[in-house]
Amino acid sequence: MNFYIGNLSMGVTEDDLKAAFSRFGDVTAVKIVKDRFSGSSKGFGFVEMPDNSDADRATKALNHTDMKGRLIRITQQDARSAKRRQKKKRFRAG
């Protein structure tokens with residue numbers, strides 16, 4: 001399961017995200033998106049967990065919790081991608 005993690009504080013590192021999600025199961029990938037010129041965080045990232053039940057537990061436990069001064073928002077990538085596809089279909093049909 002892939003997650004979009006939004007509203008990240010500039011001080012959150014990939015190791016911080018991995019540590020938080022690892023409490024609930026294996027984490028296969030962590031990526032914080034950074035500005036290519038300044039190298040600073042853009043305030044969002046992605047986490048991948050192979051087990052869906054672990055991923056669901058992590059989402060329920062961590063969504064809207066404080067991480068270094070900001071409440072993080074977690075969205076499962078599968079649902080987000082489906083919404084994006086629906087919007088494209090409506091746009092093309094109209």
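Visitor: In what order do the elements of the protein run from the N terminus on?

Guide: This is a predicted model. Starting at the N terminus, its elements follow the order β-α-β-β-α-β-β-β-α. That gives 3 helices and 6 strands.

Visitor: How many residues does the protein have, and what share of them is buried?

Guide: The protein has 94 residues, and 31% of them are buried. Its exposed surface comes to about 6300 Å², with carbon and sulfur atoms supplying 49% of that area.

Visitor: What makes Asp-54 count as buried or exposed?

Guide: Buried means a relative accessible area under 20%. Asp-54 has 17%, so Asp-54 is buried. The residue lies in helix 2. Apart from neighbours within four places in sequence, Asp-54 is in contact with Phe-24, Gly-25, Asp-26 and Met-49.

Visitor: And how is Thr-59 classed, buried or exposed?

Guide: The relative accessibility of Thr-59 is 14%, and the cut-off is under 20%, so Thr-59 counts as buried. Thr-59 is also found in helix 2. Leaving out neighbours within four places in sequence, its contacts are Phe-3, Ile-74 and Gln-76.

Visitor: Why is Gly-69 called exposed?

Guide: Exposed requires over 50%. Gly-69 has a relative accessibility of 58%, so the term applies. Gly-69 sits in the loop between strand 4 and strand 5. Its C-alpha atom is separated by 6.8 Å from that of Ser-9, although the two residues are 60 residues apart along the chain.

Visitor: What makes Lys-68 partly exposed?

Guide: Its relative accessibility is 48%. Lys-68 is in the loop between strand 4 and strand 5 (70-71). Its phi is positive, about 55 degrees, although Lys-68 is not a glycine.

Visitor: Which residues have the most contacts inside the largest nonpolar core?

Guide: They are Phe-3, Ile-5, Leu-17, Phe-21, Val-47 and Met-49, in a core of 20 residues. Strand 1 (2-6), helix 1 (14-22), strand 2 (29-34) and helix 2 (52-62) each supply at least two residues of this core. As for Phe-21, and not counting residues up to four places away in sequence, Phe-21 touches Phe-3, Ile-5, Val-27, Val-47, Met-49, Ala-58, Leu-62 and Ile-74.

Visitor: How do you know that the buried residues of helix 1 are on the same side?

Guide: In helix 1, Leu-17, Ala-20 and Phe-21 are buried. They cover an arc of only 90 degrees around the axis, so they are on the same side of helix 1. An α-helix has 3.6 residues a turn, so residues three or four places apart point the same way. The buried residues of helix 1 pack against strand 1, strand 2, strand 3, helix 2, strand 4 and strand 6 (73-76).

Visitor: What makes strand 1 and strand 3 a pair?

Guide: Pairing takes at least two bridges. Strand 1 and strand 3 are joined by 5 bridges, so they pair, and they run antiparallel. In this pairing, Ile-5 stands opposite Gly-45 in strand 3.

Visitor: How do strand 2 and strand 3 pair?

Guide: Strand 2 and strand 3 are antiparallel, with 5 bridges. Here Lys-31 stands opposite Phe-46. The two strands form a hairpin with 6 residues between them, and Gly-39 in the turn has a positive phi of about 80 degrees.

Visitor: Where is Asp-35 found, and what does it touch?

Guide: Asp-35 is in the loop between strand 2 and strand 3 (41-48). Not counting residues up to four places away in sequence, Asp-35 touches Ser-40 and Lys-42. Its relative accessible area is 25%, which falls between 20% and 50%, so Asp-35 is partly exposed.

Visitor: What makes the approach of Ser-38 to Asp-35 a polar contact?

Guide: The cut-off is within 3.5 Å. The backbone nitrogen of Ser-38 lies 2.7 Å from a polar atom of the Asp-35 side chain, so the distance meets the cut-off.

How values were computed:
Residues are numbered from 1 along each chain as its sequence is written. This is a predicted model: local features need pLDDT of at least 70, side-chain atom pairs count only at pLDDT 80 or more; totals for chains, interfaces and linings use all residues. Side-chain values use heavy atoms; hydrogens and water are left out. A nonpolar core is a set of buried Ala, Val, Leu, Ile, Met, Phe, Trp, Tyr and Cys residues joined through side-chain atoms within 4.5 Å. Buried means under 20% relative accessible area, exposed over 50%, partly exposed in between (1.4 Å probe, protein chains only). Helices (H or I, at least four residues) and strands (E, at least two) are DSSP runs, numbered from the N terminus. Contact means heavy atoms within 4.5 Å. A polar contact is a pair of N or O atoms within 3.5 Å; within protein, one must be able to donate a hydrogen and the other to accept it, and residues adjacent in sequence count only if both atoms are side-chain atoms. The arc is that of the directions from the helix axis to the C-beta atoms. Accessible areas come from the Shrake-Rupley method with a 1.4 Å probe; for residues, only the protein chains shown count as cover.
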